[in-house]
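Here's a short tour for anyone meeting this structure for the first time. Have a look around before reading on.

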There are 2 protein chains.
Amino acid sequence: MTTNVTTLANGLRVVSHAMPHLETLSLGVWVAIGARHESETEHGISHLLEHMAFKGTAKRTAKAIAEEIETIGGELNAATSLENTAYFARILKGDEGVALEILADIIQNSLFDPQELEREREVILQEIASTRDSPEDIGYDLLQEAAFPDQSVGRPILGTIQSVKSFDQQRLHDFLQRYYVPERMVVSAAGAVHHDVLVRHVEAQFGALTRKSSRVREEARYVGGVRAFNRRYEQSHLLLAFEGPSYHAEDFFAAQVFTGLFGGGMSSRLFQEVRERRGLCYSIYSSAWSLADAGLFSIHAATGSDMMSELSDVVVDELRKVAAEGASDAEVARAKAQLKAGLLMGLESSGARAEQMARHLIGHDRLISSDELIARVDAVSSGHVQSFARRIVASAPSIVVVGSGRQSNAHAQDLAEKLGSRV
Amino acid sequence: MTTNVTTLANGLRVVSHAMPHLETLSLGVWVAIGARHESETEHGISHLLEHMAFKGTAKRTAKAIAEEIETIGGELNAATSLENTAYFARILKGDEGVALEILADIIQNSLFDPQELEREREVILQEIASTRDSPEDIGYDLLQEAAFPDQSVGRPILGTIQSVKSFDQQRLHDFLQRYYVPERMVVSAAGAVHHDVLVRHVEAQFGALTRKSSRVREEARYVGGVRAFNRRYEQSHLLLAFEGPSYHAEDFFAAQVFTGLFGGGMSSRLFQEVRERRGLCYSIYSSAWSLADAGLFSIHAATGSDMMSELSDVVVDELRKVAAEGASDAEVARAKAQLKAGLLMGLESSGARAEQMARHLIGHDRLISSDELIARVDAVSSGHVQSFARRIVASAPSIVVVGSGRQSNAHAQDLAEKLGSRV
């Protein structure tokens with residue numbers, strides 16, 4: 001198995017990882033543009049553009065795009081995040097030329113036809129409505145806003161009903177021209193692929209794009225705060241976050257080990273105390289989520305409204321305990337074993353491998369080998385983990401409660417007080 | 001890559017598929033017992049038993065179970081369906097002995113300790129509450145009940161608040177003794193595994209189980225009907241189902257091809273008409289779901305309450321059109337290409353491969369090769385697809401609307417009238 005990177009004359013990077021035992025491959029174009037690069041009046045335009053890429057080009061209708069990829073048994077999909085927009089396909093061996101030609105066409109030649117735009121707006125308004133019917137989605141949107149208020153990284157990727165209605169064909173074209181530039185693009189493939197063949201196809205399809213400098217992002221500033229939302233629900237959701245490391249930060253891997261042992265798997269402290277010993281929740285976990293210049297360490301749990309106070313007591317106690325006493329060597333070793341095994345398991349999937357390579361090139365300007373990742377995980381000590389925990393409990397929390405009745409705000413304030421936060 | 005099956009003296013089957021390029025493996029025990037085998041007074045006991053398997057054995061506490069598997073970087077999980085209960089692990093090469101010993105212990109020696117049972121009940125009550133906060137989950141539960149009323153296949157797998165509260169240690173033990181018998185068990189592994197080594201471990205861990213005949217399931221009877229549910233939502237969900245084939249039926253593959261072209265991918269009729277041409281929905285799809293003796297062909301879409309009537313018009317029109325005119329050869333060819341490619345893609349994952357082998361042995365008493373599956377997909381003609389569509393529109397529908405305001409019932413009745421159903 002070999003990995004190769006080639007940079008075209010215009011700056012676009014092509015990376016591939018050959019997995020010769022596979023009969024299929026994953027292939028995509030990652031563009032380093034997402035919701036965090038949007039100005040206030042552009043809120044949601046990256047995601048709208050991603051949708052509109054499937055609605056017709058100079059030579060293909062929306063229907064033709066769908067039919068051509070599905071005729072060869074392929075699947076086409078796309079996703080917009082805070083930092084990236086990705087267009088990707090899963091296809092059979094030998095079909096990379098067909099798939100790349102379609103991907104290149106929808107990324108470079110979309111028409112953004114006004115009638116199609118009207119219809120696609122309605123689709124996105126339904127997508128927004130579906131997130132408003134999920135207490136979890138509401139909670140995460142509020143958490144992001146509490147952590148990064150009045151900033152692009154704190155706004156929902158989908159935009160709002162108002163913002164989605166405000167964009168027209170011209171603005172989509174302008175946004176595309178400005179940001180879909182070759183220096184921001186990575187074509188990544190893993191599976192049944194030959195690097196030379198891939199590069200030739202990419203050169204043919206993307207070689208004509210010209211270099212163009214583009215605006216850099218505004219720096220994210222973590223703030224923290226308290227939010228609450230009430231509706232008639234069976235469960236209340238508690239979300240608690242603290243400032244976490246960026247993926248460039250020294251303590252990125254310490255945060256990963258900490259979240260593993262604190263609220264990762266079944267043997268983690270939160271799972272054992274909250275679910276196994278108290279039966280308070282079906283689902284409780286922590287996670288560490290990182291951007292280029294910021295990050296969040298967060299905890300999410302759902303329980304009955306009447307048990308919310310006990311839940312927040314336990315979460316605060318567990319945070320204080322691990323900050324005061326640290327974690328045992330056995331816990332740290334277990335979290336590291338899980339991280340390393342998870343890494344190996346992920347890399348056996350062509351889709352996860354292609355995505356990881358694209359993210360490394362966009363975020364770090366180089367590929368990071370599994371050996372290096374494993375060495376960095378191995379270098380985390382219980383001392384690092386404890387300092388990370390200490391930093392967290394001393395920092396400003398972001399607190400969200402989404403729940404039933406009118407108690408969500410009281411529950412959120414109650415947790416803020418327990419944490420000794422000046423809110 | 002080789003596949004092997006061995007049957008132990010007690011009837012338990014062991015199957016493995018070696019994928020020598022992998023560094024990890026997926027390994028699980030599938031037991032042919034699920035919600036559909038439960039009597040009315042046992043409703044939810046399969047799922048409760050699956051949860052209690054993680055709560056301690058004669059020699060391990062709940063915490064020890066979690067710690068032992070996670071110390072080797074493994075992940076343990078379980079799932080209960082209508083027909084099966086599965087306990088599975090994803091682990092690193094060479095760890096199959098450790099993982100199997102843990103799986104065998106929790107499956108054969110769980111204590112069902114009364115105190116642990118009290119706590120785990122609370123966890124499941126929270127799991128039930130979380131499904132009640134999802135309009136989609138509510139919709140699918142009602143659809144199952146409308147399709148198969150007053151039958152075990154029509155009841156939610158989780159049970160009800162009342163039923164979950166009714167079980168004690170003795171009943172769990174009895175259920176385990178009665179149904180966790182070797183003839184109902186398949187150990188399946190795919191990835192970095194050697195069949196002989198696996199069989200030796202399985203023999204050591206499960207060889208002492210004795211044969212015992214166990215009750216067979218009651219036959220499922222498809223009925224159909226109308227259900228509605230109201231709460232304050234942003235979107236209304238429409239679920240429409242008809243009687244579909246069992247996985248033994250002649251037209252199983254015709255149903256798969258039909259659902260692909262009717263509401264499968266982006267090029268399908270429903271996606272093109274409902275989303276691309278009308279912008280009515282973010283999510284619309286159809287699926288064909290099969291048991292040993294019954295099945296459902298279903299359509300699910302979510303939209304605004306004010307657009308529900310247009311949505312149901314379009315769905316009914318599209319169903320009638322495909323029944324009257326059939327599908328083009330190009331559509332059929334495309335759906336077949338997608339099915340076949342999806343099959344190949346799925347088999348590149350060790351987890352999907354292990355599950356498929358276990359399902360084949362439990363459902364068909366033999367493995368079905370990819371070549372045979374592909375040949376059966378290839379054998380589907382546009383004639384088969386049209387007869388399937390005709391049978392559907394002539395049959396009794398199951399209709400569910402979960403939505404806002406008080407209109408859900410009116411919307412559901414409206415769709416029933418459009419379908420000409422005597423409801």
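Which residue is the bridge partner of A:G28 in β6(A)?

## A pair of strands

It's A:S188 that partners A:G28 across the bridge. Keep in mind that this is a predicted model. The two strands involved are β3 (residues 24-31) and β6 (residues 185-191) of chain A, which pair in the antiparallel sense over seven bridges.

## The sheet around them

Zoom out and you'll find an open sheet of six strands in chain A, ordered β1-β2-β6-β3-β5-β4, with mixed pairing. At its edges stand β1 (3-7) and β4 (75-80) of chain A; each has a single partner strand, so one side of each is left without a neighbour in the sheet. On average, neighbouring strands here are turned by 15 degrees against each other, direction ignored.

Helix α3 (residues 96-108) of chain A lies across β3, β5 (85-92) and β6 of chain A, at about 155 degrees to β5(A). Helix α8 (residues 195-206) of chain A also packs on the sheet, touching β1, β2 (13-18) and β6 of chain A, and its direction makes about 150 degrees with that of β2(A).

## The core

The largest nonpolar core has 259 residues, and A:L103, A:V257, B:L103 and B:V257 have the most contacts inside it. Leaving aside neighbours within four places in sequence, B:L103 is in contact with B:V29, B:Y87 and B:A89.

## Where the chains meet

Chain A brings 55 residues to the contact and chain B brings 54. On chain A's side, α4(A) gives the largest share, nine residues. By class, that side of chain A has 18 nonpolar, 16 polar and 21 charged residues.

How values were computed
Residues are numbered from 1 along each chain as its sequence is written. Chains are lettered from A and ligands numbered from 1 in the order in which they are written. This is a predicted model: local features need pLDDT of at least 70, side-chain atom pairs count only at pLDDT 80 or more; totals for chains, interfaces and linings use all residues. A nonpolar core is a set of buried Ala, Val, Leu, Ile, Met, Phe, Trp, Tyr and Cys residues joined through C-beta atoms within 7 Å. A residue is buried if 20 or more other C-beta atoms lie within 10 Å of its own, exposed if 12 or fewer, and partly exposed in between; C-beta atoms are placed from the backbone. Two residues are in contact if their C-beta atoms, placed from the backbone, lie within 7 Å. Two strands pair if DSSP finds at least two bridges between them. Helices (H or I, at least four residues) and strands (E, at least two) are DSSP runs, numbered from the N terminus. Axes are lines fitted to C-alpha atoms, for helices over the stretch in contact, and angles run from 0 to 180 degrees between N-to-C directions. Ala, Val, Leu, Ile, Met, Phe, Trp, Tyr, Cys and Pro count as nonpolar, Asp, Glu, Lys and Arg as charged, and the others, Gly among them, as polar.
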